[in-house]
Amino acid sequence: MNNYADDTQTMNQAARDIRIPMVDIYETVEGEGTRAGYPTVFIRLFGCNLRCSWCDTKYSYPPYEADRMMTIAEILEETSSYQAKHVCVTGGEPLLYGERSRILLQELANTSRYVDIHVETNGAVHLAPFLETISSPIVRYIMDYKLPDSGEHERMIHENLTLLRPQDELKFVIASEADFDAAKRVILETEIRATILFSPVWETMPPARLVEMILAHGLPQVKLNMQLHKVIWDPGMRRV
Ligand SMILES: Nc1nc2[nH]cc(C(=O)O)c2c(=O)[nH]1
Ligand code: SF4
Ligand SMILES: [Mg+2]
């Protein structure tokens, strides 16, 4: 007769056999956000529901192809070969696979190997189902809110902004002065509990100009977010 432990084991085995299209798993230092600088394992899922004009990971969705399908067990095993205590689950859009994405995050948290698992999500996937079902306090969301220059502003789910918690981060990638104005409007008109990050688009927004605008507009709640990996390595380089 099945007891509770057997049921749990069966469920975990089923979960571990779930397959997800993948781009990469590798270790580097986190380049962005409040955990910038920490050794971090990156789990990059294939596929995205947006096509941002300035996207720097175009190899993570068609017409490119996934590098391979991996089961959640394989992802956990490969991730465990690195020393990092931080994990960044990114893409593409890592929440694209709904229940499969949710189980991956829960299983990563269940390993107890990590102090922090952050998810780089694009604002165009509903966050509520993930917040309601993933109980672990170490799973955090870094939401990349798309501004007009991205071409995907209309796809943002406004409700997501108000769901972010103090441990989460809300990142605005700013390509122009029009983007800056749009970001400013959002943060002044919405009650946001997450850390607010303003990040310059590498090719079109000189960081000094962005700092100038943050100070001139009096936005003390904003934290400048530089992509460390683009300073350290060639900006076009992969797996860094
Ligand atoms: N070092 C490093 N840090 C990152 N933080 C978020 C990244 C991403 O591509 O989502 C990223 C990345 O690609 N590299
Ligand atoms: S959401 Fe991210 S991965 Fe998708 S197109 Fe935009 S920048 Fe690229
Ligand atoms: Mg990147």
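Trainee: Which residues does W54 touch, not counting residues up to four places away in sequence?

Mentor: W54 touches S150, A175 and V201, where contact means C-beta atoms, placed from the backbone, within 7 Å. This is a predicted model, in which local features need pLDDT of at least 70, side-chain atom pairs count only at pLDDT 80 or more, and totals for chains, interfaces and linings use all residues. Residues are numbered from 1 along each chain as its sequence is written, while chains are lettered from A and ligands numbered from 1 in the order in which they are written.

Trainee: Why does W54 count as partly exposed?

Mentor: Because W54 has 14 C-beta neighbours inside 10 Å. Buried takes 20 or more other C-beta atoms within 10 Å, exposed 12 or fewer, and partly exposed lies in between, with C-beta atoms placed from the backbone. D56 is partly exposed too, with 17.

Trainee: Where does UniProt place the feature "binding site"?

Mentor: The unreviewed UniProt entry puts it at W54, C55, D56 and G92. They span 39 residues in sequence, yet no two of their C-alpha atoms are more than 13.2 Å apart, so they gather at one spot. Such annotations may be inferred rather than shown by experiment.

Trainee: New topic. Which residues are around ligand 2?

Mentor: Among them are C48, R51, C55, G92, E93 and N122; the cut-off is a C-beta atom, placed from the backbone, within 6 Å of the ligand.

Methods: Two residues are in contact if their C-beta atoms, placed from the backbone, lie within 7 Å.
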